[in-house]
Amino acid sequence: MTNDTEQLQSTVNSVLRVVQQPFYNHPDFWIGLILSMAAIAIGVFGLYYAYMAFKEAGEAKKAANAAGKTVKIQTVTIELTEILQKLGNLQPNIEFSDAWNLLTEIQRRLRRTVSPFQKDADLGDTIAALKEALSAASKALASVRPSDPAKEEMAPLAVYNAIQDNFAAITNIVADLLGLFEKKSINFGDDDGNS
Amino acid sequence: MAIPEITEFTDSLDKLIAATREGKIDWAKPNPTTVVWNILPPNPGRIVIQQIMNNERQSLPTGGQVMRAVPRYLFQLFDNRTNSFKINLTTADQQQLEPKIKALYDAAAIGLSRSGLDFLKSILPN
């Protein structure tokens, strides 16, 4: 019985000795602390790299979009230049059917080319003016639709007289649009260089 | 055109208007906005009057300017013998001639409508 009490007392004493020592005197505390710090450092490092990757992906997307817009605008400027050349082909002796085909083609190509930009703050007003001029040209051409194709030669310049002013207005507006698109193209190029 | 020429031209237009109203001139309408008189020999040629819509800059009462489509008239006298225009003018440039040329255009157009109606009446069954 006495032996058991002594043994218990000895065990309690050894536990008390361990408990009464400060925690930082225990090597396993330091091992645990160092491992935790290393884990936190790795975590922060990982987060930083994930953030950097996210940021670069965003910038790459922005650059890709800008490059896409530049290519699109360059396509538009080429198309508008071709249309300007077509507009300059209006001949004084043009017949109604040829004028109809020419205007239809110009109208179709212009509308298809500028329609994606009609809500653009810089281009919206000019595009609206273009649509108005195209409608006026269609109306002017319809006003000289021959009642009898055989009679068309009675007034060989009638078609040209009716639409030449409208074609001049369309030419001016397309030239304005071309300038605005070229300016936009240059701006996107600058953005690419800065980013 | 100089002033004496304008007076002479408007006199001729008056005579053309009178002759048209009397049905002495056989106008044709090759399209909805053009009237043509084919002049027979000994002086073959043609007179073409065309109504055109001209885009003109107009001042607004509130200030500023706006582009508007304004009806104007084109008058052409073509000489078949020389194959050239003897007169080629637009009332956008010669605005003082516009009332007379418009009157001639209207007289020709009304005459053509009249002859169309007369023909329609002539073919109606009794």
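## A walk through a predicted two-chain model

The side chains of B:K100 and B:D14 come together in a salt bridge, with 2.8 Å between N and O. This pair ties together distant parts of the chain, since B:K100 belongs to helix α2 (residues 98–123) of chain B and B:D14 to helix α1 (residues 3–21) of chain B, 86 residues apart. B:K100 counts as partly exposed because its relative accessibility is 30%, and B:D14, at 33% relative accessibility, also counts as partly exposed. The structure that holds this pair is a predicted model, and the values given here should be read with that in mind.

Chain B has another such pair, in which the side chains of B:K86 and B:D79 meet in a salt bridge at 3.9 Å, N to O. Here B:K86 is partly exposed, with a relative accessible area of 49%, whereas B:D79, at 10% relative accessibility, counts as buried. In chain A, salt bridges that share partners join A:E79, A:E82, A:K86, A:E105, A:R109 and A:R112 into one network. Side chains of opposite charge can pair when their charged atoms come close. Over all chains, a search of the whole structure finds 13 salt bridges.

How many salt bridges does the rule find across the interface of chain B and chain A? The rule finds 0 there, although the count between the chains is 7 residue pairs in polar contact, both residues of each pair being at pLDDT 80 or more. Strands β1 (27–31), β2 (34–39), β3 (45–59) and β4 (65–79) of chain B each supply at least two residues of the side of chain B that touches chain A. Of the elements of chain B, β3(B) gives the most to that side, with 7 residues. Sorted by class, the side of chain B that touches chain A has 9 nonpolar, 8 polar and 2 charged residues.

The extent of the meeting can be described by residues and by area. In terms of residues, 19 residues of chain B are in contact with 18 residues of chain A. The size of an interface is often given as the accessible area lost when the parts come together. The area buried between chain B and chain A is about 1300 Å², and carbon and sulfur atoms give 51% of it. Three residues, B:P30, B:Q50 and B:N55, supply 33% of the area that chain B buries against chain A, more than any other three residues.

One of these three, B:N55, can be followed across to chain A, where it is touched by A:N166, a residue that lies in helix α5 of chain A. Leaving aside residues up to four places away in sequence, A:N166 also touches A:A136, A:A137 and A:A140. A:N166 counts as buried because its relative accessibility is 5%. Helix α5 of chain A is also the place of A:I173, which is buried, with a relative accessible area of 14%. When residues up to four places away in sequence are not counted, A:I173 touches A:T126, A:A129, A:L130 and A:A133. A:I173 and A:T126 are 47 residues apart in sequence, but 6.9 Å apart in space, C-alpha to C-alpha.

On the other chain, B:E56 is in strand β3 of chain B, and at 15% relative accessibility B:E56 counts as buried. The side chains of B:E56 and B:R72 are joined by a polar contact of 2.8 Å. Apart from residues up to four places away in sequence, B:E56 touches B:V66, B:M67, B:R68, B:V70, B:R72 and B:A92.

Chain A averages a pLDDT of 86, and 94% of the residues score at least 70. Within chain A, confidence is lowest in helix α5 (residues 158–194), at a mean of 80, and highest in helix α3 (residues 96–114), at 94. Over residues 188–195 of chain A the pLDDT stays under 50, and for this stretch the model has 7 contacts beyond four places in sequence.

Definitions and conventions:
Residues are numbered from 1 along each chain as its sequence is written. Chains are lettered from A and ligands numbered from 1 in the order in which they are written. Side-chain values use heavy atoms; hydrogens and water are left out. Contact means heavy atoms within 4.5 Å. Buried area is the accessible area (1.4 Å probe) that two parts lose on being put together, summed over both. A salt bridge is a side-chain nitrogen of Lys or Arg within 4 Å of a carboxyl oxygen of Asp or Glu. A polar contact is a pair of N or O atoms within 3.5 Å; within protein, one must be able to donate a hydrogen and the other to accept it, and residues adjacent in sequence count only if both atoms are side-chain atoms. Helices (H or I, at least four residues) and strands (E, at least two) are DSSP runs, numbered from the N terminus. Ala, Val, Leu, Ile, Met, Phe, Trp, Tyr, Cys and Pro count as nonpolar, Asp, Glu, Lys and Arg as charged, and the others, Gly among them, as polar. pLDDT is the predictor's confidence in each residue, from 0 to 100. Buried means under 20% relative accessible area, exposed over 50%, partly exposed in between (1.4 Å probe, protein chains only).
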